[in-house]
Amino acid sequence: MGLQVYINGTYFDKDDAKISVYDHGLLYGDGVFEGIRSYGGKAFRLEEHLDRLWDSARAIWLEIPLTKEAMTDAVNETLARNKIDDGYVRLVVTRGAGTLGLDPNRTSNPQVIIIADRISLYPEEFYDQGLELVTASTIRNHPAALSPRIKSLNYLNNILAKIEGLQAGCVEALMLNTKGEVAECTGDNIFVVRDGVLRTPPTDAGILEGITRDVVIELAGEAELPVREVALTRHDVYVANECFLTGSAAEVVPVVKVDNRVIGSGEPGPITRDLIARFRQLTRS
Ligand code: PXG
């Protein structure tokens, strides 16, 4: 039996797991999602991901037709059925099938999709040697246009920046906000370290409030490292001693070059390495 995908309470074989071409999730990117890691068969920080999913849905006037408890059970069941230990859960809620017009009132029921699959990770050398970023010319969505705090199905802002990164030979790209401040990367939050202090852009810099970002802030607390959520410029990144990214897929990954400038020593720094070790200890023990 192939991979089993949950759609509205029913499990379908991956090849038969289908959604209407009239779904407003497809027609307009009208929907929300979450990307969650599982370790040892257990969804990591599931409660936080569900809280964020519900917040995203509320922000776009989308009612999720399940309780958080039922969604928790459905996620666990999907992981168990597919025997996924260390993997990835993609939770999607779309507006549902409607007419060929924007009006969300003319759609049927929201569609709830849960995919649990294996994950293709960054190669281990990125964690050993660090990766390189370029700043995208595509700026992050203005929060008053489409808040980056909403994890919506409209990811074109990030995808356009990702393409710029890939064209420059980088797997991630740095995105600035409308004020020219550092916001985040296309699918990861960013931290810099200078003189033993961690800095990361605050929510009002127009970022997705990453769950891995929160985990790293907790781990830094345990390591007695000060963390400040402050506006950062590219200058702060260029002159940092260390830089790293956080995200569900990437976990904690060092950055050693930004816009062709070497960051710190050009190698993953000691604080980054310590946080990577702490993150692995937390998720793999
Ligand atoms: N910023 C953006 C714009 C994101 O999309 C993060 C930060 C990190 O958030 P979390 O909560 O994951 O720490 C994200 C999350 C993928 C993938 O398939 C992308 C994300 C998460 C999981 C998988 O590329 N982005």
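User: Why does the ligand lie between domain 1 and domain 2?

Analyst: This is a predicted model. Domain 1 spans 4–117 and domain 2 spans 124–284. The ligand lies between them because residues of the shell around it come from both domain 1 and domain 2.

User: How do the residues of the shell divide into nonpolar, polar and charged?

Analyst: Nonpolar residues number five. Charged residues number six. Polar residues in the shell number 10.

User: How far from an oxygen atom of the ligand is the backbone N or O atom of I211?

Analyst: I211 is among the residues that come nearest to the ligand. A polar contact needs N or O atoms within 3.5 Å. From the I211 backbone, an N or O atom reaches a ligand oxygen at 2.8 Å.

User: How much of the ligand's accessible area does the protein cover?

Analyst: On its own, the ligand has 540 Å² of accessible area. It sits in the largest pocket. The protein's cover of that area comes to 85%.

Note on methods
Residues are numbered from 1 along each chain as its sequence is written. This is a predicted model: local features need pLDDT of at least 70, side-chain atom pairs count only at pLDDT 80 or more; totals for chains, interfaces and linings use all residues. Side-chain values use heavy atoms; hydrogens and water are left out. A residue is near a molecule or strand if one of its heavy atoms lies within 4 Å of it. A polar contact is a pair of N or O atoms within 3.5 Å; within protein, one must be able to donate a hydrogen and the other to accept it, and residues adjacent in sequence count only if both atoms are side-chain atoms. Accessible areas come from the Shrake-Rupley method with a 1.4 Å probe; for residues, only the protein chains shown count as cover. On a 1 Å grid over the protein atoms alone, a cavity is a set of points where a 1.4 Å probe fits but cannot get out, and a pocket is an open set with protein on both sides within 12 Å along at least five of seven lines; lining residues have an atom within 4 Å of a point. A molecule sits in a cavity or pocket if more than half of its atoms lie within 2 Å of its grid points. Ala, Val, Leu, Ile, Met, Phe, Trp, Tyr, Cys and Pro count as nonpolar, Asp, Glu, Lys and Arg as charged, and the others, Gly among them, as polar. Domain bounds come from an automatic or database domain assignment.
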